[in-house]
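Welcome! Please take a moment to look over the sequence and the 3D picture before reading on.

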Amino acid sequence: MTVTSTQSVRRTVIPARREASEAAATRSRAWTRLLDEVREAGQYTTTAEAERVTRIVLSALGGHVVGDERVALARALPPEAARVVASQAPVTRPQTAAEFVDGVAARIEGATPGTARWDVSSVLGVLPDLVGDDLIDRVLRELPPGYALLFGKADLVPPAAR
């Protein structure tokens with residue numbers, strides 16, 4: 001009877017471990033895919049550089065996206081990226097897109113506003129294909145005007161109310 005119950009436990013535990021391992025591999029592949037896309041978009045020489053820039057940009061973005069959009073964005077991103085976004089405290093004052101880029105420049109050693117804009121666009125520009133245009137459009141509605149270009153989207157001004 002002990003053998004039977006031990007075998008039963010093994011049959012239950014081993015598939016659970018295998019599923020957890022497969023889930024971890026899937027998360028890792030999704031994170032790797034994101035980094036590969038950022039590396040290509042930004043023409044970074046190493047994956048480590050792409051990862052450093054990705055973490056900095058996503059942490060800056062995380063403070064600006066709140067509420068349902070923040071939850072939806074975190075769910076759509078690979079878990080590693082989701083943690084970076086979700087761990088940020090909301091900003092106390094919305095920033096213009098230029099202020100956002102300047103804030104990222106301040107976090108990257110030796111960055112200028114021009115190189116920071118490149119970094120920001122390299123990361124945010126891959127997100128629409130990764131998480132979907134609909135979600136990015138919802139995020140953009142929550143941000144001040146000017147952010148759409150950072151995501152590689154047209155920054156259309158809505159017609160004035162009549």
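This is a predicted model: local features need pLDDT of at least 70, side-chain atom pairs count only at pLDDT 80 or more; totals for chains, interfaces and linings use all residues.

Residues are numbered from 1 along each chain as its sequence is written, and side-chain values use heavy atoms, with hydrogens and water left out. Helices are DSSP runs (H or I, at least four residues), numbered from the N terminus.

**Salt bridges**

- Side chains of opposite charge can pair when their charged atoms come close.
- How many salt bridges does the structure hold? There are six, where a salt bridge means a side-chain nitrogen of Lys or Arg within 4 Å of a carboxyl oxygen of Asp or Glu.
- One of them joins the side chains of glutamate 69 and arginine 138, at 3.5 Å from N to O. Because glutamate 69 sits in helix 3 (residues 67-76) and arginine 138 in helix 8 (residues 133-142), this pair ties together parts that are 69 residues apart in sequence.
- To describe accessibility, buried means under 20% relative accessible area, exposed means over 50%, and partly exposed is in between (1.4 Å probe, protein chains only). Glutamate 69 is buried at 14%, whereas arginine 138 is partly exposed at 30%.
- Arginine 93 and glutamate 99 form another salt bridge, with their closest N and O atoms 3.4 Å apart. Arginine 93 is partly exposed, at 49%, and glutamate 99 is also partly exposed, at 28%.
- Aspartate 137 pairs with lysine 153, and here the closest N and O atoms are 3.3 Å apart. This pair links distant parts of the chain, since aspartate 137 is in helix 8 and lysine 153 is in the segment after helix 8, 16 residues apart.
- Aspartate 137 is partly exposed, with a relative accessible area of 28%, while lysine 153 counts as buried at 19%.
- A network of salt bridges links Asp133, Asp137 and Lys153.

- Which residues of helix 3 are buried? They are Glu69, Arg70, Leu73 and Ala74.
- Seen down the helix axis, these buried residues fall within an arc of 130° and so line one face of helix 3; the arc is that of the directions from the helix axis to the C-beta atoms.
- Asp68 and Arg75 are exposed on the other side of helix 3.
- The buried residues of helix 3 pack against helix 2 (47-62), helix 4 (79-86), helix 7 (127-131) and helix 8.

**Tyrosine 44**

- You can find tyrosine 44 in the loop between helix 1 (2-42) and helix 2. Tyrosine 44 is buried, at 8% relative accessible area.
- Leaving out residues up to four places away in sequence, tyrosine 44 touches several residues (contact means heavy atoms within 4.5 Å), including Val38, Val53, Trp118 and Asp119.
- Tyrosine 44 and aspartate 119 are 75 residues apart along the chain, with their C-alpha atoms separated by 9.6 Å.

**The nonpolar core**

- A nonpolar core is a set of buried Ala, Val, Leu, Ile, Met, Phe, Trp, Tyr and Cys residues joined through side-chain atoms within 4.5 Å.
- The largest nonpolar core has 43 residues, and Leu61, Leu77, Phe100, Val104, Leu124 and Leu127 touch the most other members.
- Which helix gives the most to this core? Helix 2 does, with seven residues.
- Leucine 124 touches Val57, Leu61, Phe100, Leu150 and Phe151, not counting residues up to four places away in sequence.

Notes: Helices (H or I, at least four residues) and strands (E, at least two) are DSSP runs, numbered from the N terminus.
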